[in-house]
Amino acid sequence: MTGSLALLDSASLYFRSFFALPDSMRAADGTQVNAVRGFADTIARILTDRRPARLVCCLDADWRPKFRTDLLPSYKAHRVAEETGSGPDVEEVPDTLTPQVPIILDLLAAFGFATAEAAGYEADDVIGALATREQTDPVEVITGDRDLFQLVRTEPTPTSVIYVGKGWAKAEVLGPAEIAERYSLPRETAGPAYADMSMMRGDPSDGLPGVAGIGEKTAAKLITQFGSLEALLAAASAGDSQVPLKTRLRLADAADYLAVAPTVVKVAVDAPVEQSGPDTVPATPADPERVAELAERWNLGNSVERLLKALPGA
């Protein structure tokens, strides 16, 4: 055991499994189970390769929180399949993925893995809240989403991201040094600096417009020069000659967006997290009979076997 706390960005991981594995993986009744099997295999690899002492599967209670869309209506707007008005909007998800999510949750419960969510918040916020609590163990965030690069830090609790954007076989362990080098950001504040840079750069996949005319490299250079987006904006507002006139005009044009971007982009570390149970990695399944039943019913065979063998008590 490394003694680390592994925080899984569950939806990011099972989405990737769904698209990476063939849709021919099915149960006897025809239900597609590629996301279930891929997610189980991912946890097995995490336990085998990273050997955490604690693990939490973090969930989206609301993938498009109202407190974010009230400030920036374009946030993830292109992914909305249905607006409910009274609750979380329905996300556009492949028809054959939706039925697999309850199976994943059943399997996690049968094994005894902790899950966590926060009403009105995304999994990113849950991860941020758990990662920034007073922790005695190093934190490893496992995700395929670059947004969580903002959490890397050295103190007070070392926090790194295991980035699986190209699959587990090409997983990258990214801490402050790696994020600083990759994006030309200051190492001491690599996590917050990444968040500031990403606000300026924008992200069409999340409906973040960014600052027109300022790309990733320019944003990184400005954040490194001034230390933070807040300091850059203050300098631009004061007419500081170190901020080129063209940049000052671009920032002024994007003032409304930049006023709300920090709340939209930064994870809400104060999210009211509710956790299903202890986060200690189970030595053996909490309910072996239920595990066997789920494996049989949903044709999870080898994936469940690999997960069983990856448990500390196997």
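What volume does the second largest pocket have? I noted about 400 Å³ for the second largest pocket. The model is predicted: local features need pLDDT of at least 70, side-chain atom pairs count only at pLDDT 80 or more, and totals for chains, interfaces and linings use all residues. Residues are numbered from 1 along each chain as its sequence is written, and side-chain values use heavy atoms, with hydrogens and water left out.

I set down the terms next. On a 1 Å grid over the protein atoms alone, a pocket is an open set of points with protein on both sides within 12 Å along at least five of seven lines, a cavity is a set where a 1.4 Å probe fits but cannot get out, and lining residues have an atom within 4 Å of a point. A volume is the space filled by probe spheres set on the points, which are joined across faces, edges and corners.

**Entry: the pocket.** I found 21 lining residues, with Ser 17, Gly 38, Asp 41, Thr 42 and Trp 168 nearest the centre of the second largest pocket. H2 supplies seven residues, the largest share of this lining.

**Entry: the cavities.** I listed two cavities of 30 Å³ or more. The largest cavity holds about 170 Å³ of space. Among its 17 lining residues, Asp 147, Gln 150, Asp 206, Val 264 and Val 265 are closest to its centre.

For the second largest cavity I recorded about 50 Å³. Its lining consists of Val 36, Phe 39, Ala 40, Ile 43, Ile 104, Leu 107, Leu 108 and Leu 307. H2 gives the most to this lining, with four residues.

Notes. Helices (H or I, at least four residues) and strands (E, at least two) are DSSP runs, numbered from the N terminus.
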